[in-house]
Amino acid sequence: MNSSEFIFSLYNGVKMPAPGFGTWRASKGLQAENAVSDALESGYRHIDTAAAYQNEESIGKSIKQSEIPREEIFVTSKLWTTNRGYSKALSAFDETLNRLGLDYLDLYLIHWPANHVTNENWDEINLDTWKALEKLYTDGKVRAIGVSNFMTKHLNSLLKSSIIPMVNQIEYHPGFMQQDVVNLCKENNILVEAWSPLGAGRVLDNPDIKIIADKYGKSAAQICIRWCLQNGVCPLPKSVNKSRIVQNIDVFDFEISGPDMEYINNLSTFGESGHNPDTIVL
Ligand code: A2P
């Protein structure tokens, strides 16, 4: 197997390199700048950020400094909850582009759905916000659009839209597969991305994962990342440590066997963040 096998294709034909580089909790300024520079130098060509991470300017700076042609880097950002609704979402997108110093995005996501706790008319709000993303897409300002943290009930109503999401980015790691959401996405050709593919580090000390890691002579993190890829899910591991950044993309010289994939897939629930998109108030 080689890295070219992990270019995912979205249903509109847009290519997404994997793994992507996660930047949640990479603080703006030198920490985010150095992490993204290290990631690009190590071979990542997919950077995932969000307005809420407050590091878009730093990331834009590192992308520019890398001198890698813009079209070779897949850049994602996300719309924060305070900017839900058609007009606010359109303005928030422009602000994100300005902060990144880019003239288009590869992927723009609604970061969290409005839910029944935040809004009585949550469904209407999500649909109104989604219309803004459709407009950005048809205007050519973004190459693909999608959602994040949408559970089946949130996703189901968007499936009636003229353009359905190309991506759903959810929490996904060994011990927390959210199979109902993943199945609905797969049925509709929506690519699933994994935030916290290492369970924000909580999965790495799990004895079952450690045994499998030892068997392949790999780290627990590499097992989690490779497992996502083999399940057809794009992992977005985050690190601000150069040697871990390098390690997390060094996953193309081995393959997890069918029985070991099954074993990990069948682990009981552990390591989840506890953030339930249907009740969280953000
Ligand atoms: P750090 O940034 O100091 O490397 P996730 O992507 O699941 O959210 O996990 C991110 C967390 O896991 C961060 O705390 C990160 O710390 C840590 N981490 C990332 N890569 C590795 C690795 N290869 N080994 C151990 N810890 C890692």
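1. At 27% relative accessibility, Ser 257 counts as partly exposed, where buried means under 20% relative accessible area, exposed over 50% and partly exposed in between, with a 1.4 Å probe and protein chains only. Ser 257 is placed in the loop between α9 and α10; helices here are DSSP runs of H or I with at least four residues and strands are runs of E with at least two, numbered from the N terminus. Between Ser 257 and Gln 230 there are 27 residues in sequence and 9.8 Å in space, C-alpha to C-alpha.

2. On provenance, this is a predicted model, in which local features need pLDDT of at least 70 and side-chain atom pairs count only at pLDDT 80 or more, while totals for chains, interfaces and linings use all residues. Residues are numbered from 1 along each chain as its sequence is written, and side-chain values use heavy atoms, with hydrogens and water left out.

3. The largest pocket holds about 700 Å³ of space. A pocket is taken on a 1 Å grid over the protein atoms alone as an open set of points where a 1.4 Å probe fits, with protein on both sides within 12 Å along at least five of seven lines, and lining residues have an atom within 4 Å of a point. Its volume is the space filled by probe spheres set on the points, which are joined across faces, edges and corners. Of the 34 residues that line the largest pocket, Trp 24, Arg 25, Ser 196, Ala 200 and Lys 238 are the closest to its centre. Helix α9 (residues 242–249) gives the most to this lining, with 3 residues. By class the lining has 16 nonpolar, 13 polar and 5 charged residues, where Ala, Val, Leu, Ile, Met, Phe, Trp, Tyr, Cys and Pro count as nonpolar, Asp, Glu, Lys and Arg as charged, and the others, Gly among them, as polar.

4. Arg 25, in the loop between β3 and α1, has a positive phi near 70 degrees although it is a residue other than glycine, and Arg 25 is exposed at a relative accessible area of 57%. Ala 200, in the loop between β9 (191–195) and α7, has a positive phi of about 55 degrees and is not a glycine either; at 49% relative accessibility, Ala 200 counts as partly exposed. A further point to inspect is the peptide bond from Ala 18 to Pro 19, which is cis with omega near -5 degrees, Pro 19 being in the loop between β2 (15–17) and β3 (21–22).

5. The count of salt bridges comes to 12, a salt bridge being a side-chain nitrogen of Lys or Arg within 4 Å of a carboxyl oxygen of Asp or Glu. One of them joins Glu 33 and Lys 61 at 3.5 Å, N to O, and this pair links distant parts of the chain, with Glu 33 in helix α1 (residues 30–42) and Lys 61 in helix α2 (residues 56–66), 28 residues apart. Glu 33 is buried at 14% relative accessibility, whereas Lys 61 is partly exposed at 42%.

6. Which residue forms a salt bridge with Asp 260? The partner is Lys 215, the closest N and O atoms being 2.8 Å apart. Asp 260 lies in helix α10 (residues 258–265) and Lys 215 in helix α7 (residues 207–216), so the pair ties together parts that are 45 residues apart in sequence. Asp 260 is buried, with a relative accessible area of 10%, while Lys 215 is exposed at 56%. Salt bridges that share partners also join Arg 70, Asp 106 and Arg 143 into one network.

7. The structure holds 0 disulfides, on the criterion of a pair of cysteine sulfur atoms within 2.5 Å. Cys 228 is in no disulfide, and the nearest cysteine sulfur to it, that of Cys 224, is 7.2 Å away; Cys 228 is buried at 0% relative accessibility. Cys 234 is likewise in no disulfide, its nearest cysteine sulfur being that of Cys 228 at 8.6 Å, and Cys 234 is buried at 0%.

8. In α2 the buried residues are Glu 56, Ser 58, Ile 59, Gly 60, Ser 62 and Ile 63. The elements covering them include α1, β4 (46–48), β5 (74–79) and α3 (86–100), with contact meaning heavy atoms within 4.5 Å. Glu 67, which follows α2, has a positive phi near 60 degrees.
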